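My notes follow the structure shown here.

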Amino acid sequence: MGDAEIIPIGTRGRPGRGTGKQPSSAARGLAPTKKAPTTRASATKSAGKGGKGGKGGGDTVDPQQPEQTLPDESTAAEEQHTPPAAPGTTPPRADEAPARTEDDTTAESSPPSSAPTSAPVASAASTETPITSPLSTRERNPLRSIPTSAWLSAFQQAAMEVFGDSWEPRLAEFLAFLRRRITGDYVVDEYGFDAEVTQRFFMAALRPIAQQWFRIEVRGAENIPAEGGALVVSNHSGTVPVDGLMTMVSIHDHTGRHLRALGADLVFQLPVISSLARKGGATLACNEDAERMLRGGELVGVWPEGFKGIGKPFSQRYKLQRFGRGGFVSAALRTGVPIVPLAVVGAEEIYPLVGNIPALARLIGVPYIPVTPLFPLLGPLGLIPLPSKWLLEFGEPIRTDEYDDGAADDPMLVFDVTDQVRETIQQTLYSLLMQRSSVFG
């Protein structure tokens, strides 16, 4: 035993490493560990190896370590079933001892007791990972995860896109408008004209069509009186009376006045169109209503050609039809208001009328069923008007206040004034056609 070489702990039984006076570098790198209990077979095997490694062939003994006893076989068998290490830790290798803990140090320093051998198993079981219940999913409402501030921000952004930078006052005006419409706090005149609805909705809807689709150019708007009654007389064309709507929005945008149109009987026989026409300022084309509005200082519009003007073939475009019996002239003579002639160029080309279906028109009860190059061939797409360039020119007013009081009852005088108005419009149409370079330019 005296001649046996002492092998320091940590060298794994290989001689020649370390002097025995201080630990080797491999031993210094190891944390304080607890020597794992071994079975009798492993102890015998290590003793045999130690005998071969030493000079004297005896067991290797470390004088600095206390003498260890071998546990019985039942305890070793229970410790072999140690549960796996907890998550996040590195399990020890087979040839290394497990790390020493405070509980282990306390257990070694205390004297052995008569505790049952199953205590190590209970201690190991306490370090097992707790068993959790299986994961479960539940359906969530996606709108619940959106905060209220996000909804408010989106609403403000949408309001800015619709109403612009000054969206708050405009939104307040719109809400006030809705409140007045719901409570009935709005004004409608004796003819059914609703100025607020006309300005906010009808004009707003027609303005983009007039400015961007037909690109209407207005001339002579200064000839329209700024106040007082006046009668605007215009040519009629276009298969569908779109020229009347475009005249109304153009006069409103250039003078700020509403044009009170005189419509045919058919307009006020239609269920929905009649209500919209009343709210937009139109009334029945009769001398009584025309004279009352003119005396009331309204700006009245009339299209004497009627259905003969809008329903004429495309080959007769810009050729005025008969102006009737001159009822509009007699109304102007009785009220003494000026007559403003208006010539419209461009409306003839929006629906080129190339045919008619009179049998179907009589069955439905309308003056004509138009046939255009696009309708009814393309169905609803054929109802889209062609984007022709429009020119509107208002002529100098024809005064009627210079005639005698009974001038309206003189048929020859009424005929002369009617013919004067018709010729003024016809000559203006010829002049505008000569100035126009292209139909769509």
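**Loops and backbone**

I began with P376, which I found in the loop between β8 and β9. The model I am reading is a predicted one, and in it the peptide bond from F375 to P376 is cis, with omega near 5°. I noted this bond because most peptide bonds are trans.

I stayed in the loop between β8 (370–371) and β9 (391–394) to look up L381, which also has its place there.

Next I looked up two residues with positive phi. R215, in the loop between α8 (195–213) and β1, is not a glycine and yet has a phi near 50°; at 26% relative accessibility, R215 counts as partly exposed. T239, in the loop between β2 and α9 (242–255), is likewise no glycine and has a positive phi of about 70°, but T239 is buried, with a relative accessible area of 7%.

Last, I turned to N223, which sits in the loop between β1 (217–219) and β2 (230–234). Which backbone oxygens does the side chain of N223 reach? I found that a polar atom of this side chain lies 2.9 Å from the backbone oxygen of F394, and that the side chain reaches the backbone oxygen of G395 at 3.2 Å. Leaving aside residues up to four places away in sequence, N223 touches V340, F394, G395, E396 and P397.

Technical notes: Residues are numbered from 1 along each chain as its sequence is written. This is a predicted model: local features need pLDDT of at least 70, side-chain atom pairs count only at pLDDT 80 or more; totals for chains, interfaces and linings use all residues. Side-chain values use heavy atoms; hydrogens and water are left out. Helices (H or I, at least four residues) and strands (E, at least two) are DSSP runs, numbered from the N terminus. A polar contact is a pair of N or O atoms within 3.5 Å; within protein, one must be able to donate a hydrogen and the other to accept it, and residues adjacent in sequence count only if both atoms are side-chain atoms. Contact means heavy atoms within 4.5 Å. Buried means under 20% relative accessible area, exposed over 50%, partly exposed in between (1.4 Å probe, protein chains only).
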